[in-house]
Amino acid sequence: MASSDVARQPDKGVRSLSLAGHVGFDSLPDQLVNKSICQGFCFNILCIGETGIGKSTLMDTLFNTNFENFESSHFEPQVKLRAQTYDLQESNVRLRLTVVNTVGFGDQMNKQESYQPVVDYIDRQFESYLQEELKIKRSLHNYHDSRVHACLYFISPSGHSLKSLDLVTMKKLDSKVNIIPVIAKADTISKSELHKFKIKIMSELVSNGVQIYQFPLDDETVAKVNTTMNGHLPFAVVGSTEEVAVGNKMVKARQYPWGVVQVENENHCDFVKLREMLICVNMEDLREQTHTRHYELYRRCKLEELGFKDTDSECKPVSLQQTYEAKRQEFLVELQKREDEMRQMFVQRVKDKEAELKEAERELQSRFEQLKRLHAEEKAALEEKKRLLDDDQSSFGKRKAAAQLLQAQSLTANGKKDKDRKNSGFM
Amino acid sequence: MATSVGGLYGEKAGGPMLDFSYVGIDAILEQMRRKAMKQGFELNIMVVGQSGLGKSTLMNTLFKSKVSRKSVLATAQEKIPKTVEIKSISHDIEEKGVRMKLTVIDTPGFGDQINNENCWQPIMKFINDQYEAYLQEEININRKKRIPDSRVHCCIYFIPPTGHCLRPLDVEFMRRLSKVVNIVPVIAKADTLTLEERDFFKKKIREELRANGIDVYPQKEFDEDAEDRMINEKIREMIPFAVVGSDQEYQVNGRRLLGRKTKWGTIEVENIAHCEFAYLRDLLIRTHMQNIKDITSSIHYEMYRVRRLNENNTMVAHANGIPEHHLTAHEM
């Protein structure tokens, strides 16, 4: 944290002493540095720029490695962010570098919402750090800090002025992240045009109130070089990972029929200045600004949004704890109420359903009774008919028997008569 | 700025890719150093022990200047207070461009009463108050850029050189306070012990500390890796350091050295053959100072914070009749 120079000002009861001999606490900075070496460092860069403007190539060139990026198409429907983390090491320093690239920035027809995914991403990183900080059991020193430390904004080398998309985006981001504007593909602009371009850009930024990152001037060791560099903003960069033979050395360069643009030649572009400022001189300051300014601002806004204050209406200090507890009770009471409501609703529904089912049951029962009755009636009717039929049948049977009897009788009567005649005939 | 021409090794998925051009990542070490030098450091040391054990002298010897309270105040003869008092005094000291705000916290009255029960309580309260102050600053909405650190980083406990074993007061104090602060026990006025007596005493003390489960600095459970453990084991075999303090210089063998002159010889304070002051100084100042501060802030302070935030939750919950299963361990 930047000092409020606690030790320098004569506090009450703090006096300066001179030491009579070598005590040994001058090794403290070394102890601190050794601890940091063991822990490793973390650095996160966000690159915003249109598709194809050279973000990935510049990252490759800056860190001297191949980050295995793949080209994106121009047809992305929305701006997306792609973050990739790498572990780099130089001598005994381990760096965990995260490079976040925008995908599809500036490709849409309607660019009004282009900045939103970027802002959301930055806020998400702040939010997760805030969450970790507010936890009860937290481990901040082990936490992988994903907050964006530096934002390289790639300006198209039109040679005229900033695009309105550029202004709008940078304005939205300047209070959330350290913005370092760079002019991409600077080998397409001539020296004189470049000079005018830079002046135009800086004046547009100033007139629109965009706060870009200023290299710090408070440390005498680097104040001078930082002041000079502040005057060279925005850096006009060229990126290249291909090597071309110039003289008897192989240098990183871009080869054209009319000449070779050397990346590390300060006359050709400002790449070396960018690398120097971003990495060699101000990396720690970028991280510190992110933590003490941008993150604190986010935290303050977020907590105030949630209703926390440092002092209440009577200007008595209100502890975060109390406000939090009050809100928590509110929330829990609300939760309880909702739960009760839901329970009641559930009970009601069950009752209703039960009643419905009972009703249906009753209906079914009555229909069943009805059908049963019908069935009984029909059965009775049929029985009746059957009886009648039986009666008919039996009476018919009787008649038939009677008729047969008669017939039989008449036959025998006739036979007897015949016999009698026969018998009488013979006399 | 560092100008070592190292290789840059990038590792991702596959093996390392060697690329012999200088990027400048290691320049961050220099940047950190510059920032640290500009900010300055803070160190708060507490000394605890009965009166007359040489606490003030030892502090003066450690920092080679009159840092103790007695040296600052005019009254050299003070009455022993009736209860334990906590008095702190701060100094700005500087060495080779490194500025430090040193605060020495004295505890007059400790162990001096007839009934010494609970004499650690004011000390415990003081230490917890410092944690509380830091916590309050930390949870403010509008926070200071740099929260002033008044937490006690290290507590030097002075054991009287009886030569036998620890007294109940020593055991009780160290048992309680080793849980909230880094304790460095030292045998005071070690020039009254012969080397054999000293070794025996130290062994006895280490046994008793182990038997009572007291973990003094460097704590076993906070060793980070094998290298750490190796270094710390060596230190653990030497504690408690048998120290002699002095702020007077004498001529010995043609050199001016800090020491105590007696009829039978001069005890050189910084001679490791005579006493272990140099080891204490190296541990506290030259090698482990940052580590002491780190353990205070990332372990002791965090434990205090967890306890405090949890007890607040349960207190409020009970007051409102909310059942405890509603509270989750991870919310603030």
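Is Glu270(B) buried, partly exposed or exposed, and what is its relative accessible area? In this predicted model, Glu270(B) is partly exposed, with a relative accessible area of 30%. The side chain of Glu270(B) meets that of Arg281(B) in a salt bridge, with an N to O distance of 2.7 Å. Glu270(B) lies in the loop between β11 (265–268) and α8 (277–287) of chain B, whereas Arg281(B) belongs to helix α8, so the pair ties together parts that are 11 residues apart in sequence. Arg281(B) counts as buried, at 8% relative accessibility. Through shared partners, salt bridges join Lys64(B), Glu270(B), Arg281(B), Asp282(B) and Arg286(B) into one network.

Over all chains, 48 salt bridges are found. Among them, Lys220(B) pairs with Glu233(B), with the closest N and O atoms 3.7 Å apart. Lys220(B) is located in the loop between α6 (195–211) and α7 (226–236) of chain B, and Glu233(B) in helix α7, 13 residues apart. Lys220(B) is exposed at 52% relative accessible area, while Glu233(B) is partly exposed at 26%. Glu233(B) also forms a salt bridge with Arg236(B) (3.2 Å, N to O); these two residues are separated by about one helical turn because they stand 3 residues apart in helix α7 of chain B.

The largest nonpolar core contains 88 residues, and Phe63(A), Leu152(A) and Leu278(A) have the most contacts inside it. Helix α3 (residues 115–134) of chain A supplies the largest share of this core, 9 residues. A second, separate core of 87 residues includes Phe158(B), Met174(B), Phe277(B) and Leu280(B).

Technical notes: Residues are numbered from 1 along each chain as its sequence is written. Chains are lettered from A and ligands numbered from 1 in the order in which they are written. This is a predicted model: local features need pLDDT of at least 70, side-chain atom pairs count only at pLDDT 80 or more; totals for chains, interfaces and linings use all residues. Side-chain values use heavy atoms; hydrogens and water are left out. A nonpolar core is a set of buried Ala, Val, Leu, Ile, Met, Phe, Trp, Tyr and Cys residues joined through side-chain atoms within 4.5 Å. Buried means under 20% relative accessible area, exposed over 50%, partly exposed in between (1.4 Å probe, protein chains only). Helices (H or I, at least four residues) and strands (E, at least two) are DSSP runs, numbered from the N terminus. A salt bridge is a side-chain nitrogen of Lys or Arg within 4 Å of a carboxyl oxygen of Asp or Glu.
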